[in-house]
Amino acid sequence: MNDAAVAASGERRANRAPRRMDAAEIERVVGLPVENAERIDAVEALTTLEVVDDRCLLFRDRFAEDDIAAINAFAGRSALFALPAEYRGRVEVAAIFLDQPREAFIAIAAALFDYYGTYWQGFEDAGAAQQRNPGAILMPGCFVHPTARIGEGSMIFPGVVVGPRSRIGRNSMIKSNSVIGLTGFGIHRAADKTNLHLPHVGGVVMGDDVELGALCTVCAGTVHPTTVADNVKTDDHVHIAHNCAIGRGAQLTAHAELSGSVTVGAHAFLGPNCSIGNGTTIGEGAIVGIASAVLKDVQPHKLVVGNPARVLRDLP
């Protein structure tokens with residue numbers, strides 16, 4: 001497992017909300033019955049199949065035979081699933097069955113976190129945020145959410161915004177007009193073609209000695225945090241989408257664009273104007289050439305170039 005995956009797994013835990021919802025309230029929110037409702041006492045967190053915990057909400061968009069055992073690992077726990085109808089009778093958990101399970105997840109998650117109300121409110125200016133983060137250097141013109149934490153010796157430049165549930169380690173530098181921990185581009189197109197925003201409440205976790213250039217974005221994770229490991233350095237105008245995991249010592253140059261759920265291995269180098277496709281892994285020590293479009297995984301210590309990117313040679 002590379003450093004990025006280690007960082008991500010270390011931060012993967014059930015994401016607790018500030019409130020609880022019982023089955024009756026959930027049914028009112030989604031307008032559908034909760035089957036096996038006696039198996040939950042309440043829902044108060046979001047999680048994924050990889051993190052088994054109590055009182056959690058999960059969803060699967062499509063039926064997959066391989067997921068049945070993972071879903072039933074939650075049997076006996078107070079867990080609620082939003083699932084396609086093909087799972088009915090094959091899982092032993094409380095569930096809402098519907099054609100578009102993501103829509104139920106969106107509605108319940110938004111209610112749990114008051115996503116369109118208090119969740120995003122209360123940003124503090126540099127003066128107020130400095131009191132909460134006394135060891136950091138917060139310059140005038142930056143804004144920090146009261147649930148965010150910034151480590152000792154870190155410098156936050158004017159114009160920076162640090163969103164809810166975000167953590168920045170020690171001795172890091174975030175340059176002007178960068179945005180950390182605001183919502184990613186998670187959009188669900190409903191059956192009526194309406195675009196629905198998928199709540200992103202996972203926040204961002206950044207390590208020590210990280211340098212983020214000006215005008216960069218690091219989007220909040222959906223359920224678990226987007227992670228940036230120690231000693232990562234980025235140029236200006238870099239975009240790191242939701243659910244990414246960036247490994248220790250990686251370098252990301254100007255206009256590198258990482259789509260959702262990208263993993264970048266330790267000490268990898270991403271060249272200017274490259275684009276990394278959704279869910280792709282860049283291996284440890286790999287180099288992505290200028291303006292390359294990476295559409296499939298890159299093995300460790302490979303140089304890839306082109307559109308689509310192809311292996312040019314091995315690296316020592």
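Colleague: Is lysine 175 buried, partly exposed or exposed?

Modeller: Start with the cut-offs: buried means under 20% relative accessible area, exposed over 50%, and partly exposed in between, with a 1.4 Å probe and protein chains only. Lysine 175 has a relative accessible area of 26%, so this residue is partly exposed. This is a predicted model, where local features need pLDDT of at least 70 and side-chain atom pairs count only at pLDDT 80 or more, while totals for chains, interfaces and linings use all residues. Residues are numbered from 1 along each chain as its sequence is written, and side-chain values use heavy atoms, leaving out hydrogens and water.

Colleague: Which residue forms a salt bridge with lysine 175?

Modeller: The general idea comes first. Side chains of opposite charge can pair when their charged atoms come close. The rule for a salt bridge is a side-chain nitrogen of Lys or Arg within 4 Å of a carboxyl oxygen of Asp or Glu. Here the partner is glutamate 211, with the closest N and O atoms 2.9 Å apart. Glutamate 211 sits in strand 18 (residues 211-212), and lysine 175 in the loop between strand 13 (173-174) and strand 14 (179-180), so the pair ties together parts 36 residues apart in sequence. Helices (H or I, at least four residues) and strands (E, at least two) are DSSP runs, numbered from the N terminus.

Colleague: How many salt bridges does a search of the whole structure find?

Modeller: The search finds 16. One of them joins arginine 88 to glutamate 35, with the closest N and O atoms 2.8 Å apart. That pair links distant parts of the chain, 53 residues apart. Arginine 88 is partly exposed at 42%, and glutamate 35 is partly exposed at 28%. Some salt bridges also join up: Arg16, Arg20, Glu44 and Asp53 form a network.

Colleague: How many aromatic pairs are there?

Modeller: A pair of aromatic rings is described by the distance of the centres and the angle of the planes. Rings of Phe, Tyr and Trp (its six-membered ring) pair if their centres lie within 6.5 Å; planes under 30 degrees apart are stacked, over 60 edge-to-face, the rest tilted. The count is 8. Take phenylalanine 113 and tyrosine 119: the centres are 6.1 Å apart and the planes at 85°, so the pair is edge-to-face. Phenylalanine 113 is buried at 1%, and tyrosine 119 is buried at 8%.

Colleague: Which residues do ring pairs link into a cluster?

Modeller: Phe113, Tyr115, Tyr116, Tyr119 and Trp120.
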